[in-house]
Amino acid sequence: MEDRMSEKTGKNDQVSRQPMPEQKAEIRKRNFEEVPFGYNEELALKEAERCLECKKPSCMNGCPVSVNIPDFIKLIKERKFTQSIRKIWERNALPAVCGRVCPQESQCEGQCVLGKKGAPVAIGNLERYVADLERNSGKGELPPKAKPTGKKVAVVGSGPSGLTVAGDLILKGHDVTIFEAFHKPGGVLVYGIPQFRLPKEIVFSEVNFLERLGVKLEANVVVGRTVELDELFDQGYNAVYLGVGAGLPKFLNVPGENLIGIYSANEYLTRSNLMKAYLFPEYDTPIVKGKNVAVFGAGNVAMDSARTAMRLGADTVRIVYRRSRDEMPARAAEIHHAEEEGIEFSLLTAPLRFTGDEKGRVTGVECLRMELGEPDASGRRSPVPVEGSKFRLDCDLSVIAVGSGANPILTRSTEGLGLTKWGYIIADTETGKTTRKGVWAGGDIVTGSATVILAMGAGRAASDSMHKYLTLGW
Ligand code: FAD
Ligand code: SF4
């Protein structure tokens with residue numbers, strides 16, 4: 001690395017990180033259009049030039065699926081954009097998605113050596129650039145497929161982990177069908193993450209790519225209810241992948257939580273994103289449009305809920321979080337964007353109870369101030385109530401975004417599937433094998449709520465193991 005620095009003296013450390021062009025906060029906070037516009041060729045080339053092409057690229061250690069980052073960036077420098085996207089596809093089937101939503105600061109960019117002294121290479125922005133270029137102007141060529149093996153695979157759930165498994169196994173010659181409970185595929189990418197962060201056209205284009213490869217999609221099928229897991233084997237499926245996510249909302253469990261105008265983030269975002277309530281009356285989905293909104297939690301889900309409420313016309317939107325800013329789990333970019341859009345933050349604040357009017361509508365929430373005590377099991381300092389600090393916040397809409405758990409519909413109705421005490425499926429971390437022969441699992445239903453790229457990484461590991469099973473045996 002030292003050598004490369006001296007070879008390129010001045011060049012790399014003089015060019016600063018190219019900022020992402022984006023909609024102005026004042027305008028975007030009232031529309032659902034995507035916030036960043038993406039790099040143009042000039043910006044992408046300038047940013048790519050910053051990469052030092054380290055001999056031992058630590059950025060790759062930070063990427064859960066080991067995208068060959070220096071190689072794809074070098075191909076951008078050489079204007080070989082098609083080769084560049086092919087290089088990314090070798091490890092990552094959804095680069096337009098990951099370039100937008102990966103928490104790069106704690107993954108690839110967090111390990112970039114340039115970050116030690118200044119700003120790391122904008123790896124996510126570059127990944128997004130080549131992926132968008134291919135989608136908008138590429139030839140849409142399909143990769144070669146292996147000869148049919150005659151084996152049938154059922155993938156349950158069409159989130160990033162299920163889509164990864166489907167894409168890998170169809171290329172290996174297996175006959176793949178995805179079963180999805182909702183009417184549209186994509187999992188959280190479609191029902192959770194809002195349009196202004198991840199346009200749905202991108203997800204549908206990735207799904208369309210899989211369909212063109214021959215993957216079949218059966219929507220509106222809840223496995224464990226519409227059809228049992230065992231029936232899939234009776235129908236001739238040789239192997240099953242469970243990528244059903246962790247979409248069961250958690251609540252605060254404080255009095256008044258069932259008042260009108262209090263949503264789980266899951267319901268609020270599903271109404272807005274999947275059911276397109278933000279386009280009401282064009283789409284016939286009602287949603288409470290609060291003027292004074294309190295969102296509980298400080299992860300990506302909370303930021304998405306707060307920014308959605310602002311776009312639906314709120315006057316004030318407040319994130320209420322019981323720890324401090326340092327512990328907020330959301331991506332740095334989302335916190336930054338939320339602040340720019342005027343979202344307020346009530347940190348070190350915990351709810352005690354909601355209050356309502358005579359019609360049962362929420363009117364406010366009583367809270368307590370907190371201070372940080374000793375670290376808990378997660379290593380984060382625990383919030384401790386400050387005595388006598390009770391105060392009230394007014395709100396006419398509240399969204400609870402304090403995490404989610406395993407949905408029991410499939411797991412409870414399936415015999416022989418080992419579960420953790422929290423209801424997540426027990427699966428081998430290397431292979432995704434569950435305790436049932438012929439059944440694999442991965443993504444949030446195994447790890448609990450995590451990230452898109454980790455769910456995809458789990459899908460990749462499972463598809464390798466499933467392919468071995470389908471061709472060589474368990
Ligand atoms: P999911 O994406 O949850 O997909 C599971 C699918 O299975 C769903 O479509 C569901 O309908 C279907 N399903 C469930 N049960 C059944 C059944 N019985 N039969 C048939 N189908 C079933 N991660 C990031 O990396 N960056 C972010 O910025 C980010 N933001 C997020 C914002 C929100 C609002 C949320 C909720 C999550 C966010 N995440 C983010 C986390 C990330 O989206 C998840 O970790 C990831 O989607 C998990 O993928 P998965 O494939 O395991 O499950
Ligand atoms: Fe970084 Fe995510 Fe791309 Fe890996 S997939 S290089 S972590 S943006």
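Trainee: Which residues surround ligand 2?

Mentor: Happy to start there. This is a predicted model, where local features need pLDDT of at least 70, side-chain atom pairs count only at pLDDT 80 or more, and totals for chains, interfaces and linings use all residues. Residues are numbered from 1 along each chain as written, chains are lettered from A and ligands numbered from 1 in written order, and side-chain values use heavy atoms, without hydrogens or water. With a heavy atom within 4 Å as the criterion, ligand 2 is surrounded by Cys63, Pro64, Ile69, Asn92, Cys98, Cys102, Gln104, Gln107, Cys108, Ile123, Glu127 and Ile453.

Trainee: How many residues of the shell around ligand 2 are nonpolar?

Mentor: Ala, Val, Leu, Ile, Met, Phe, Trp, Tyr, Cys and Pro count as nonpolar, Asp, Glu, Lys and Arg as charged, and the others, Gly among them, as polar. In this shell, three residues are polar and one is charged, and the nonpolar ones number eight.

Trainee: How many salt bridges are there between domain 1 and domain 2?

Mentor: An automatic or database assignment sets the domain bounds, giving domain 1 (2-137) and domain 2 (152-246 + 405-472), among others. A salt bridge needs a side-chain nitrogen of Lys or Arg within 4 Å of a carboxyl oxygen of Asp or Glu. Between domain 1 and domain 2, the count is zero.
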